[in-house]
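User: Please guide me through some local features of the structure shown below.

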Amino acid sequence: MDNEEMKGKGEKSSVNVNENSKNEQLEQYRADAKDQYMTTDQGVRVSHTEDSLKAGSRGPLLMEDFHFREKMTHFDHESIPERIVHARGSGAHGYFQPYDDTLKEFTKAKFLTDPNTKTPVFVRFSTVVGSRGSADTVRDVRGFATKFYTEQGNYDLVGNNMPPFFIQDANKFADLVHAIKPDPDNEIPQASAAHDTFWDFASLMPESMHMIMWVLSDRAIPRSFRMMDGFGVHTFRLINEAGKARFVKFHWRSKLGAHSLVWDEAQKLAGKDADWLRRDLWEAVEMGHYPEYELSVQIVEEEDEFKFDFDLLDATKLIPEELVPLRPIGKMVLNRNPENFFAETEQVAFHPGNFVPGIDVTNDPLLQGRLFSYIDTQLNRFHSANFGELPINSPLARTHNNQGAGFMRHTINKGKVNYWPNTLGGGCPMMAPENMGGYVHYMEKVDGRKIRARSESFNDHYSQATLFWNSMTEPEKKHIVKAAHFELGKVMSKEIRQRMLGHFSKISMELAEMVSEGIGVEVPKNFNQESTGNYENNEASKTMKKGKSVKETQFVSMEKNKIETAVSRKVAILLEDGYDYCEVKQVKDALEKAGASAKIVSKFHGMRKSSTGEELETDKSHITTGSIMYDAIYIPDGEKSIEALLKEGDAIHFVNEAFKHCKPIGTSGGGIRLLEKAEVLGVEFADKTSGNVISNKGVVTAGSDAEASEFTAQFIVAISKHRHWDREEKMMVPA
Ligand code: HDD
């Protein structure tokens, strides 16, 4: 579906109401009524909106001023309750298209199997903990929720950017959220897990340890929503035409790879540009750098259910890709920004229980609990069961049922018959048999005693946390330790800190000792914190104990799975009057050709004159930007320009900070002097006057006689690698 057609989805808003000819007439009337004039909600043209109607120009306001009353009333009601979790989010429209029809063997869901269909989607990315106005770059899980407007109805894949979850049973969700949200007495801290209540809860919940490792990792501070993977988390079911079921896990992989910020940068961005991730997504879509994600599945045959050493129904576990490889099935492209944040991004309502034929639930107790929560919370947000009629929520597939009335009903159901079965309405709306697309729930055999318990097969809380730790690269391990120093360093209770160290010691003694160093408590000996869950031993658990497992996986580390590309990377060009125009032009052109964007940063806004008289306009002044807003920096040669930069504290800080944040830096000739002044240490530079180019630890330097093309080629390689952690040894942030 192309852009124009996608727009059609947005415009569908009015379609619900204007299917009859009276409403078409109304639309026509509205179109003819020259809509440049402001009107009231009743369509009456407004002659003056600056002043309210008064009894004399110094007198009291008059109630008969219907324009004032309506305008004020509308404004007073312009908000709805924010989401209890995932309040802060950003959305984009796009489409999903399967590569081929190979998934037909496993599912009858047409949108996953027909390569000729582009299914419209709306995606909302979010943080979990913070309020609607909180900063984007906080350490948190990111929501990754996708609504597929399929021909067979809406399917929602409501996932996160991490594959496990904190808890195994939905009954703990309220406790988890209470613990991580700001304290109830003083509403502090905003959008952060770093306080006693969260770590108190986590330290009493051994089942959260795997997820805790992910949250302490760089996955929790993504560089961009575009550079983030997504996971369906639960094991779901795929059902094929013959009714055969298989277990499935869903994965989104960003085509730009998964990349992170560094913690110091994330914290500074929260102040300097709290909208960092939202702006990045918006601007990328506006510029045509459409974010793309590959959808893959891991499929497990029903007979293999007990062949792993973890339970497929346990949402705190992932399936290592060594045991079940990913099967790529299609691509999602986000190519259109919402036109109205409130109407679309705020009012979109997801539900992990919105399924289409071919996809079904499992008995994962977390998933089962979610099936209740989402519709319940939407009722709180919209105060009406009619939220499904909102344009962003209404399916492309035609809706036809006897549901009617209620707050804000839009659809005008006609006739007298609103019950089923009926003869007066010709038996309509009719039931759809399975072969006509009717949804038939998978007939899983269920049989058990009523019991408030979990299967013993859920009772291993450390193996996958250890697997995660063992699979990290050295820099990633260090970042986890630093994150723990911060998070637990903010915890006042030493007892809680120590309990967490106890858990870390069960994950890895190396981890526990490294964390212990920074938080002032000893690793406890013989630590044992039993889970508060009620685990029941059963046959399944015995079989699973002997199941397949791995000690290390290649697929959880961002570093090991890095995709190298310069596309959409932001490069700051630091210059002042007197720069080398020819060099800037060549480098800028080459960067843009490689898909990066290059922006000129100077002390002040205005035109900057080169040594040969050409002029370039400054995009950002130092006061309005900072190195944290770029992926790389480039300082062109030019004696006067370099002399000026050497005297600018902001420019020196810019370079120093980018260096400490492990970002690529490129310069030539006299620019090397700026690197020296900015304490770019432990890196080999080219001789300033030579013809050499040297790339060392992401710092690319060229002598004044070097070929610009050789410099740009190496600089682009350095940019593609994103961060150069090998500098971190000596130079670790804060900058
Ligand atoms: Fe949830 C929102 C993802 C467990 C209850 N959840 C919400 C959103 C995402 C997730 C992405 C935001 C949707 C949007 O952008 O509007 N939630 C997850 C994942 C979970 C998970 C991946 C674990 C696998 N959630 C979970 C549980 C419960 C909830 C166990 C309750 C039993 N989640 C909610 C909610 C929210 C929500 C309270 C708040 C706003 C909304 O639903 O629409 O119902």
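User: At what angle do helix α12 and helix α14 pack?

Analyst: This is a predicted model, in which local features need pLDDT of at least 70, side-chain atom pairs count only at pLDDT 80 or more, and totals for chains, interfaces and linings use all residues. Residues are numbered from 1 along each chain as its sequence is written, and side-chain values use heavy atoms, with hydrogens and water left out. Helices (H or I, at least four residues) and strands (E, at least two) are DSSP runs, numbered from the N terminus. Helix α12 covers residues 474-489 and helix α14 residues 509-519; their axes are 9 Å apart and the angle is about 45°.

User: Which word describes the orientation of α12 and α14 to each other, and why?

Analyst: Axes are lines fitted to C-alpha atoms, for helices over the stretch in contact, and angles run from 0 to 180 degrees between N-to-C directions. Angles under 35 degrees count as roughly parallel, over 145 as roughly antiparallel, 65 to 115 as roughly perpendicular and the rest as oblique. The angle here is about 45°, and therefore α12 and α14 are oblique to each other.

User: How many nonpolar, polar and charged residues does the contact of α12 with α14 have?

Analyst: Contact means heavy atoms within 4.5 Å. Residues of α12, including Ile480, Val481 and Leu488, meet residues of α14, among them Leu511, Met514 and Val515. Ala, Val, Leu, Ile, Met, Phe, Trp, Tyr, Cys and Pro count as nonpolar, Asp, Glu, Lys and Arg as charged, and the others, Gly among them, as polar. By class, the contact of α12 with α14 has 8 nonpolar, 3 polar and 3 charged residues.

User: Is valine 233 buried or exposed?

Analyst: Valine 233 is found in the loop between β5 (230-231) and β6 (236-239). Its phi is near 65°, a positive value in a residue other than glycine. Buried means under 20% relative accessible area, exposed over 50%, and partly exposed in between (1.4 Å probe, protein chains only). Because its relative accessibility is 7%, valine 233 counts as buried.

User: What is the relative accessible area of histidine 722?

Analyst: Histidine 722 lies in the loop between α20 (708-720) and α21 (728-731), and its phi, near 70°, is positive in a residue other than glycine. Histidine 722 is buried, with a relative accessible area of 4%.

User: What is omega for the peptide bond that joins cysteine 428 and proline 429?

Analyst: Proline 429 lies in the loop between α10 and β11. The bond from cysteine 428 to proline 429 is cis, and its omega is about -10°.
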